[in-house]
Amino acid sequence: MQQQTSEQLRAWFRNVEPIYPELFNAAHAMCGNYDLAEYALRSAILDVWLQNASGGMGFRERLRGALRQEAFDAALSEEADRAEFTWPGYADASDDPVLGQLAQERVEIQRLAVLRHGCGLSAKAISRLTGMGQNQVRAELSRFEARCRRNLSGQDRARAEQLIARRLKRLLSQGGPGIPQPSQVYRAFEAEADGAQVTDHRFSRVVGRVLMALLALACAAAFWLFAVLVQPV
C-alpha cells in the first residue's frame, strides 16, 4: 500500500459522502444500536480503503457489501448482547401511502420492513439479526405489504413491492440529526488509516529483511556448492 497524505485521504473520503447517510442508516437498522452502527460504518470504510478501491458505481457496491458484513459482525457480537436498542423507527406521517403506513406500524415491524425492502436482506438474514423465526418474519412482512397494497391505487397495487422498496431505500438515504457527522467519522477513519499505513510499512520492511536474509543464504549455498564441484577428485 502506498503512503497517502491527509489531503489524499480526505479526497478519497469524499467519494463516500454521497451514500454516507444510507450506509449509517442501514447499519443502525441492522445493528439496532447507534454506537455499534457507527463502529460498523467506520470499519466498512476502512475495509474498502484497504482494498485500494476508488470512486464509481462498483465503489458504492463495495461499500454496501463491506457495510453489511461489518454490521452483521457487530450485531452478532458479544457487545451487541449488552447494547441498548436505540433504532428509533419512523414516526413522521406522510401523504405517501407506503411511508404513511410505515409510520403507523410498531417499531419491530418497521425494522423488518426496512431490513427487507430498504437493505434488501432475505428472511433468513433478518431472522439472524432480530431473533425472530423466518416464518414469522415472512408473515409479518406479508401483512405489512398487504396493508400498503390496500392504500395504493389500482394500477400501483400490482407493483406494490417495487414501490415499497423504492420508498424505503429513499428513506435510508436521507440525512438528518440522527446520524453522526461525517467529519467525526472521517477523523476516526484518518487515524485508523494512518495506523494501517504504519503497520503496512513496518510489515513491508520486515518482509524485505527476511527476503534479503534468504537471498544471502541462497548465495552462500551456491558458492559452497560451486566450491565442492570444482574441487579436484
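This tour moves through the structure stop by stop, naming what to select and what is found there.

**Before starting**

The model is predicted, so local features are taken from residues with pLDDT of at least 70 and side-chain atom pairs count only at pLDDT 80 or more, whereas totals for chains, interfaces and linings use all residues. Residues are numbered from 1 along each chain as its sequence is written, and side-chain values use heavy atoms, with hydrogens and water left out.

**Stop 1: the whole chain**

Display the entire chain as a cartoon. There are 12 helices and zero strands; here helices (H or I, at least four residues) and strands (E, at least two) are DSSP runs, numbered from the N terminus. Of the 233 residues, 40% are buried, where buried means under 20% relative accessible area, exposed means over 50%, and partly exposed lies in between (1.4 Å probe, protein chains only).

Now show the surface. The accessible surface of the chain comes to about 13,600 Å², and carbon and sulfur atoms account for 52% of this area. Such areas come from the Shrake-Rupley method with a 1.4 Å probe, and for residues only the protein chains shown count as cover. Consider also the contacts, a contact meaning heavy atoms within 4.5 Å. Among contacts with a separation of 6 or more, 71% join residues 24 or more positions apart.

**Stop 2: the aromatic pairs**

A search of the whole structure finds eight aromatic pairs. Rings of Phe, Tyr and Trp (its six-membered ring) pair if their centres lie within 6.5 Å; planes under 30 degrees apart count as stacked, over 60 as edge-to-face, and the rest as tilted.

Select W12 and F189. Their rings form a stacked pair, 5.4 Å centre to centre with 25° between the planes. W12 belongs to helix α1 (residues 6–13) and F189 to helix α12 (residues 182–230), so the pair ties together parts that are 177 residues apart in sequence. Both W12 and F189 are buried.

For another geometry, select W87 and Y90. This pair is edge-to-face, at 5.8 Å centre to centre and 80° between the planes. W87 is buried at 6% relative accessibility, while Y90 is partly exposed with a relative accessible area of 22%.

Finally, select W12, F13, W49, F59, Y186 and F189 together: ring pairs link these residues into a cluster.

**Stop 3: around Y90**

Y90 is placed in the loop between α5 (78–82) and α6. Not counting residues up to four places away in sequence, Y90 touches L102, A103, Q110, V114, L171 and L172. G100 is 10 residues from Y90 along the chain, and their C-alpha atoms are separated by 9.7 Å.

**Stop 4: helix α2 and the residue after it**

Select residues 20–31, which form helix α2. This helix has 12 residues and reaches 16 Å from its first C-alpha to its last, close to the 16 Å expected at 1.5 Å a residue; the expected span is 1.5 Å times one less than the number of residues. In α2, 12 of the 12 residues are buried, so the helix is largely enclosed by the rest of the structure. Just after α2, G32 takes a positive phi of about 80°.

**Stop 5**

Select Y34, which lies in helix α3. Y34 is partly exposed, with a relative accessible area of 26%. Leaving aside residues up to four places away in sequence, Y34 touches F24, H28, T86, G178, I179 and P180. Y34 and G178 are 144 residues apart in sequence and 9.2 Å apart in space, C-alpha to C-alpha.

Next select R42, in helix α3 (residues 34–50). Residues up to four places away in sequence aside, R42 touches V185, A188 and E192. A polar contact of 3.5 Å joins the side chains of R42 and E192. A polar contact is a pair of N or O atoms within 3.5 Å; within protein, one must be able to donate a hydrogen and the other to accept it, and residues adjacent in sequence count only if both atoms are side-chain atoms.

**Stop 6: the two sides of helix α9**

Select residues 134–151, helix α9. Its buried residues are V137, E140, L141, F144, E145 and C148. They cover an arc of only 135° around the axis, which puts them on the same side of α9; the arc is that of the directions from the helix axis to the C-beta atoms. The buried residues of α9 pack against α6 (97–104), α7 (107–118), α8 (123–130) and α11 (160–172). On the other side of α9, N135 and R150 are exposed.
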